[in-house]
Each structure stands twice: as structure tokens, then as C-alpha cells.
Amino acid sequence: MSHEHVSNTKRIWLVFGILSVVTTVEVILGIMKPQALHMTNMLGMNLLNWIFIILTIFKAYYIVWAFMHMEGETPALRRAVVWTVIFLILYLAFILLTEGHYVFGVFRDATIKWNF
Amino acid sequence: MGSTVTTANTVGKTWGGGNEPLGASYGKLMMWFFIVSDALTFSGFLVAYGFSRFKFIETWPLADEVFTHFPFMHGVPAPMYYVALMTFILIFSSVTMVLAVDAGHQMKQSKVAFYMFLTIIGGLIFVGSQAWEWKNFIHGEYGAIETKGGSVLQFVDASGKHIAIEEFADTSVPKEREQLLRGKGKWFMEESSLPTYSVEQVQAGFKNHPDLLIRTETIFDEATSKTAKGVHPTLNDFTFKSKHKTILTRAESEKRLADAKLVIEGANLQRNEYGSKLFADFFFFITGFHGFHVFSGVIINIIIFINVLLGTYEKRRTYEMVEKVGLYWHFVDLVWVFVFTFFYLV
């Protein structure tokens with residue numbers, strides 16, 4: 001265990017600063033919704049949503065690494081947790097979102113209307 | 001105590017217990033196991049939300065039109081601000097938690113207790129805020145009409161501003177019936193409360209106000225604008241205005257309103273005045289499940305807080321329990337970061 005018992009209060013406040021700034025940026029973008037980002041699509045989703053998701057993962061990284069002290073754990077534990085979760089979530093998200101998009105197409109192009 | 005604290009005088013006895021695989025104690029490793037499985041549970045919920053949203057991508061409610069309340073600012077639409085505040089509260093309580101863990105490493109009992117206390121307060125404020133958010137969502141603000149085909153119609157004025165049903169409903173038209181209460185029933189019969197206004201009152205009120213228009217669930221964009229019928233010529237624009245729902249012409253509005261079946265006020269598990277019912281279902285389920293986690297986190301924090309005060313961890317010479325409950329608390333914060341993104345931002 002590499003838990004050297006020194007106070008790292010400074011780093012904690014630094015991470016808090018980073019998380020606050022990122023959240024503030026998210027909120028500002030969420031309120032303004034810049035037209036250029038919101039209406040430009042890339043890989044099936046608009047740029048603004050991509051920015052939100054990337055910023056969220058950025059925040060998640062800091063929460064797990066600094067607050068949950070993942071950076072101090074052994075590489076084996078780190079990989080066992082992070083890779084497992086990331087792989088399974090990407091897999092699940094890919095399958096279900098693709099299926100959802102397909103069902104949307106079925107509803108849209110069907111001769112029977114479901115909602116009118 | 002042996003099960004929660006492992007002391008390292010067992011070198012060479014790999015199978016004899018007291019061994020720490022992956023350099024983490026038994027309790028911490030089990031907490032990581034729990035966190036991984038819980039993370040997958042939450043991702044299952046969020047991905048299911050994504051599935052339903054993709055399925056109804058053209059009619060999904062816009063979060064900006066749903067969550068617009070801020071305390072003491074009644075009637076002023078303030079999307080995002082309240083949930084941003086909640087996010088800050090939770091992040092800050094995460095910071096105090098990690099400060100408590102840090103103080104625990106230095107064996108400073110009173111400092112640990114102080115930071116644990118702040119964390120508990122932060123958690124309680126968050127749960128309270130969530131309850132207020134639920135109250136607003138359940139109560140609703142404008143009211144809407146559900147048609148026979150199941151789609152939701154909202155009302156706007158000539159400038160496209162959302163108008164509440166109570167502002168125009170014609171109450172001189174008699175309601176079709178009274179609510180059946182237990183006391184009036186022949187046998188043990190009753191029904192849930194009826195909406196304040198009946199469909200006939202709304203239709204009559206709409207007729208009396210010729211400037212009113214109907215807004216459908218469909219998001220107005222390049223794809224939907226091609227197929228939509230009776231689109232208002234000036235109020236819809238996807239090249240300049242931000243994302244919005246389609247507003248119909250007066251003639252088309254009257255035609256759609258003739259199909260009205262129900263008046264909806266607020267949201268519950270069956271109806272949702274803001275649009276898709278699934279939106280309300282997922283909102284209640286996911287934020288409710290998260291709120292339940294925060295609530296249990298607060299309870300666990302209180303137990304650990306009491307133990308800190310009693311000096312249990314001073315006697316053990318280790319504050320590892322604070323670290324473990326800290327892991328759980330940060331995980332709850334982590335989940336909220338994703339819920340925040342997928343319910344309010346994206």
C-alpha cells in the first residue's frame with residue numbers, strides 16, 4: 001500500500017476547484033446552448049452533447065482518481081475496476097442505443113401510427 | 001475487530017488469513033466490489049433511459065422546459081440553476097468527506113468529526129433539494145391535454161410563450177362529473193382526484209381565446225419539419241431559435257384539440273404534462289434510486305460519525321472505516337455527475 005500518511009489538503013482543494021470550474025462551464029453551455037454547437041451533428045449526436053459527455057468523463061476521472069484515491073491503489077485493482085466498468089458500459093450503451101434507434105425508425109416508417 | 005482491520009504480522013502465511021490481495025484490506029476490496037456492481041446497475045438504468053429516448057427521439061421532452069424552478073423565484077423560468085446548485089452541494093460534501101479521510105490518516109479525531117458532520121449536512125440538503133424538485137415535477141405548472149391517440153398538447157400564446165390551462169379554461173361550462181369519493185360511493189368505491197378543469201372547459205376556453213395555439217411534442221428540426229402538418233409559419237425555426245417543440249397554426253390547433261381526451265396536471269407514473277410518460281417514469285426511478293443511495297449514505301455517515309465521536313477508531317488506531325464510507329459517498333457523487341448530464345444537460 002502506498003498510502004503515505006501525509007496531508008494532501010492542497011490537492012483536494014485543487015480538485016474541488018477543477019470540478020467546480022467544469023460544472024460551471026457545463027451549466028453556462030447548458031443555459032446558452034450555442035447554436036453552432038447545438039445544431040451541428042457529429043457521429044449521430046450534436047457537438048454540444050459530445051462536449052457535455054466528455055466533460056462528465058473528465059469529472060468522473062477526478063472523482064475516482066483523487067477523491068476515491070484510485071491513484072494510490074495497485075495497478076491490478078485499478079484495472080480490475082476501471083476496465084471492467086468501462087468495457088461493460090460501452091458494450092451495453094452501444095447495443096441498446098443502436099436498438100433504440102432502430103425501433104425509432106420502425107415507428108417512424110410504419111404505416112400504423114402509434115401516437116397522434 | 002479482526003474482520004475490519006488487518007494487521008500485517010502474517011508474512012509468509014499466504015493462505016492463513018490476514019493477507020491483503022491487491023494491497024487493499026478486505027473491507028475496502030469488498031467496497032470496491034459493491035461499487036463496481038452498483039455502477040453497472042446505474043449504467044443499466046441510464047442506458048435504458050437512453051434506449052427509450054432514442055426510441056422517441058423526436059418527441060422526448062426538453063429538460064429546459066421541464067425543470068425551470070428556483071426557490072423564491074416563482075414564475076421566473078430558471079432552467080439549470082437549481083440542479084447546478086444541487087450538484088455543487090454534492091461535490092462540496094464529497095470534498096468534506098475526503099478531508100475527513102485525510103484528517104483520519106493523521107489521526108485527528110475532532111477534525112474527522114467536524115468534516116463528517118459537514119458531509120452529513122451536505123447530504124441532507126441534497127436529499128431535501130431532490131424532494132423539492134420532485135414536488136415541482138409532480139405538481140406541474142401549466143397543465144396539458146392528452147389526445148385519444150396518446151400524444152400531449154400544450155398551449156402557447158401568439159408569441160409562442162407557454163400558457164397555463166388555468167389562465168384560459170372556461171369555468172362557466174359545467175364539469176362533466178364530480179370526483180367519486182369513498183363517502184359518496186355505494187360500496188367501497190373511490191377514485192383518484194380529477195383534474196381541476198375538464199376537457200370541455202379547456203376546449204371552450206380555447207375557443208374563446210383566438211390567439212391561443214397548440215404546441216405538440218415533436219421537436220422542430222430539419223427532419224421533422226419536412227413531414228409535420230399545419231406548422232405555424234413564423235413561430236418555428238430550427239436555424240435560428242434553440243431547440244423547441246413544434247407550434248401549430250390556429251386551424252390545425254383546433255383540429256388537434258377536438259381529439260382531446262384528458263386534462264393532465266403535473267407528472268406521475270401514468271401521465272406527464274411535459275410529454276413522454278417514460279421521461280417521468282425514468283426520472284422518478286433513476287433520481288429516486290440515486291436519492292435512496294444518498295439517504296442510505298447519510299445514515300451510514302451518521303453511524304460512522306457517532307463512532308468517531310465515541311473514539312472507536314482512536315482505539316483501533318485506524319480510521320479505515322471513514323475511508324470505506326468515503327468510497328461509497330464519492331461513488332454516490334460520481335453517479336450524480338452522470339445523472340446530471342443525462343437528465344439535464346444532454
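User: How many residues of chain A are in contact with chain B, and how many of chain B with chain A?

Analyst: In general, the size of an interface is often given as the accessible area lost when the parts come together. In this predicted model, the contact is counted by residues: 46 of chain A are in contact with 45 of chain B. On chain A, the helices α1 (9-32), α3 (47-67) and α4 (75-109) each supply at least two residues to the side that touches chain B. The largest share, 16 residues, comes from α4(A).

User: How do the residues on that side of chain A divide by class?

Analyst: The side of chain A that touches chain B has 26 nonpolar, 15 polar and five charged residues.

User: At what angle do α8 and α10 of chain B pack?

Analyst: Two packed helices are described by the angle between their axes and the distance between the axes. Helix α8 (residues 277-310) of chain B packs with helix α10 (residues 320-345) of chain B at about 160°, and their axes are 10 Å apart. An angle over 145 degrees counts as roughly antiparallel, and α8(B) and α10(B) are therefore roughly antiparallel to each other. Their crossing is left-handed.

User: Which residues of α8(B) and α10(B) meet?

Analyst: Those in α8(B) include F283(B), H290(B), G297(B) and I304(B), and those in α10(B) include M321(B), W329(B), W336(B) and F343(B). By class, the contact of α8(B) with α10(B) has 15 nonpolar, six polar and no charged residues.

Key:
Residues numbered from 1 in each chain as written. Chains lettered and ligands numbered in written order. Predicted model: local features only at pLDDT ≥ 70, side-chain atom pairs only at ≥ 80, totals over all residues. Contact = placed C-beta atoms within 7 Å. Helix = DSSP H or I, 4+ residues; strand = E, 2+ residues; numbered from the N terminus. Nonpolar A, V, L, I, M, F, W, Y, C, P; charged D, E, K, R; others polar. Axes fitted to C-alpha atoms, helices over the stretch in contact; angles between N-to-C directions. Parallel < 35°, antiparallel > 145°, perpendicular 65-115°, else oblique. Left-handed = near helix turned anticlockwise from the far one by under 90°.
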